[in-house]
Amino acid sequence: MKNTQGRQGTRSAQGTPYRRPQKDPVRILAFEALRAVGERDAYANLVLPGLLRAAEQDAAKKGRTFDRRDAALATELVYGTLRHQGTYDAVIAACVDRPLREVDPPVLDVLALGAHQLLGTRIPAHAAVSASVELARAVLGDGRARFVNAVLRRICAQDLDAWLAQVAPPYDEDPEEHLAVVHSHPRWVVSALWDALGGGRAGIEDLLAADNERPEVTLVARPGRSTPAGIAASLPPETTVPGRWSPYAVRLAEGGDPAAVPAVRDGDAGVQDEGSQLVAAALAAAPLDGPDARWLDGCAGPGGKAALLAALAADRGALLVAAEKQPHRARLVGRALHGNPGPYQVVVADGTRPVWRPGSFDRVLVDVPCTGLGALRRRPEARWRRRAEDVGGFAPLQRALLTEALTAVRPGGVVAYATCSPHLAETRAVVEDVTRSPHAPAADPVDARPLLPGVPALGDGPDVQLWPHLHGTDAMYLALLRRR
Ligand SMILES: C[S@@+](CC[C@H](N)C(=O)[O-])C[C@H]1O[C@@H](n2cnc3c(N)ncnc32)[C@H](O)[C@@H]1O
């Protein structure tokens, strides 16, 4: 019998010709990544590499290719959609006739992916809609694909600016909600960041916009093991840029792959934001009277700062003890420190119940667990997962770890308290409470600003707060305290 319905043709119950959905591996991969983030609380940066590898292997089996451009587009779709989810949700909400919580999450993911292509990329509108409808047919079925089609057609009726004017309240009426919708941050995060940053509209807008930028990949050349110049010389000249502030930093140009850097493969260098490098370098540079032989990193996992500290300690013949409560993270610390030119020990230990004697260290770092609001550039989903209540949840541990750090350092020794969050409740409030507490050893603040030479806009001191929009770093906080 002659097939009159084409290669993939069958007839549906209604008699309309049925065409199998086109399976676009890039969009399917992006959808699967969003589902993993939404359904299983996965981290995009952890699930993506596995999905990309699987897509490559699947394509190879079918005699097709899934190349670097496909991988770059899939990554952009996932990260962009997650970063701008708050804005896209507000737009989608204006285009559906029921509350968003009544729309199934997989449908919302397809809509958000479509909204990102329409409002956040240069993909032509007709291509963005048809690719999204095909994705919906493949992963949701024909009925929901029609719904997706209808919603996306409403979205593409105007551009992003027009949508923002429609869905965000005017700045003058409700500044925080305006910024939350326009810059896609939860309102409580806008509020907390603004409290910490201070100032007017321009600064907070720049900060929120910087949180939505892809961060550069920065490497740390571990002293005694490699140098920024040596790393740069090992790579084609156009692929590296000097660090901005850290003498150990070298930045990779757009698209640079750290795994391709020989010094990184050998452990002589690592991937580390310049803010983290500055924290370790400032502790190492703090003036000290008396011995300088024993250093402690009390919250070391996964070991980025410990590896730099250990290399700096080695240069002075000092020992670094790197303590971490979680055994699996302590193993990562061991890996980061492997090959260090000087002495070090990695211990699995609870920094609030120390296994070391009081006063036995000359320099101590506590880079405490925190909300991570300073690294929103790197963790696109984190802002939606965190809750305002989480801040208070970390408070007792942060105070206990700083108190024990002050106990661990000898009189005259220096403690660095660091967080990758600028939230005032995790930064100044902790330092002020502990330094006033009768239960903590007495300590005096050390002005950290001169220990970050050349870094501008460090405020009134004595502590320092780095910012993505001012320094190009994560929003690391650092307070230095000298035990009396
Ligand atoms: C912000 S991270 C430290 C990052 C690290 N300094 C780096 O640069 O790679 C905080 C670490 O503290 C660990 N931690 C949490 N509670 C702890 C405790 N009571 N004692 C020691 N480490 C703890 C966490 O497991 C986590 O690895």
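This dialogue walks through how to read selected features of the predicted model above.

Colleague: What should I know about the numbering and the model before I start?
Modeller: Residues are numbered from 1 along each chain as its sequence is written. The model is predicted: local features need pLDDT of at least 70, side-chain atom pairs count only at pLDDT 80 or more, and totals for chains, interfaces and linings use all residues.

Colleague: Into which domains is the chain divided?
Modeller: Domain bounds come from an automatic or database domain assignment. Here they give domain 1 (10-155), domain 2 (172-211), domain 3 (217-271) and domain 4 (274-483).

Colleague: What separates the centres of domain 1 and domain 4?
Modeller: The separation is 41 Å, taken over C-alpha atoms. The two domains still touch: 7 residues of domain 1 are in contact with 4 residues of domain 4. Helix 3 gives the most to the domain 1 side, with 3 residues. By class, that side has 5 nonpolar, 1 polar and 1 charged residues. Contact means that two C-beta atoms, placed from the backbone, lie within 7 Å. For the classes, Ala, Val, Leu, Ile, Met, Phe, Trp, Tyr, Cys and Pro count as nonpolar; Asp, Glu, Lys and Arg count as charged; the others, Gly among them, count as polar.

Colleague: How do I read a pair of packed helices?
Modeller: Two packed helices are described by the angle between their axes and the distance between the axes. Axes are lines fitted to C-alpha atoms, for helices over the stretch in contact, and angles run from 0 to 180 degrees between N-to-C directions. Helices (H or I, at least four residues) and strands (E, at least two) are DSSP runs, numbered from the N terminus. Take helix 1 (residues 25-40) and helix 3 (residues 68-83): the angle is about 35 degrees, and the axes are 9 Å apart.

Colleague: Which residues of helix 1 and helix 3 meet?
Modeller: From helix 1 come P25, V26, L29, A30, A33, L34 and V37. They meet D70, L73, A74, L77, V78, T81 and L82 of helix 3. The residues of this contact divide into 12 nonpolar, 1 polar and 1 charged.

Colleague: At what angle do helix 1 and helix 6 pack?
Modeller: About 65 degrees, with the axes 10 Å apart; helix 6 spans residues 125-139. R27, I28 and F31 of helix 1 make the contact with A131, L135, A138 and V139 of helix 6. By class there are 6 nonpolar, no polar and 1 charged residues.

Colleague: And handedness?
Modeller: A crossing is left-handed if the near helix is turned anticlockwise from the far one by less than a right angle, and right-handed if clockwise. Helix 1 passes helix 3 in a right-handed crossing. Helix 1 passes helix 6 in a right-handed crossing too.

Colleague: Which residues does UniProt list for "binding site"?
Modeller: The unreviewed entry lists C299, A300, G301, P302, G303, G304, K305, E324, D350 and D367. UniProt positions are given in the numbering used here, feature names are shortened, and annotations may be inferred rather than shown by experiment.

Colleague: Where does A300 lie, and why does A300 count as buried?
Modeller: A residue is buried if 20 or more other C-beta atoms lie within 10 Å of its own, exposed if 12 or fewer, and partly exposed in between; C-beta atoms are placed from the backbone. A300 counts as buried because it has 33 C-beta neighbours inside 10 Å. A300 lies in the loop between strand 7 (294-297) and helix 15 (304-315). Beyond four places in sequence, A300 touches A306, A322, A323, E324 and V333.

Colleague: Is E324 buried or exposed?
Modeller: Buried, with 26 C-beta neighbours inside 10 Å. E324 is found in strand 8 (residues 319-324). Leaving aside neighbours within four places in sequence, the contacts of E324 include C299, A300 and G301.

Colleague: Where does UniProt place the feature "active site"?
Modeller: At C420, in an unreviewed entry. C420 sits in the loop between strand 11 (409-419) and helix 19 (428-436). C420 counts as buried, with 24 C-beta neighbours inside 10 Å. Neighbours within four places aside, C420 is in contact with C370, G372, G374, A375, D474 and M476.

Colleague: What about I155?
Modeller: I155 is in helix 7 (residues 142-155). I155 is buried, with 24 other C-beta atoms within 10 Å. I155 and L118 are 37 residues apart in sequence and 7.8 Å apart in space, C-alpha to C-alpha.
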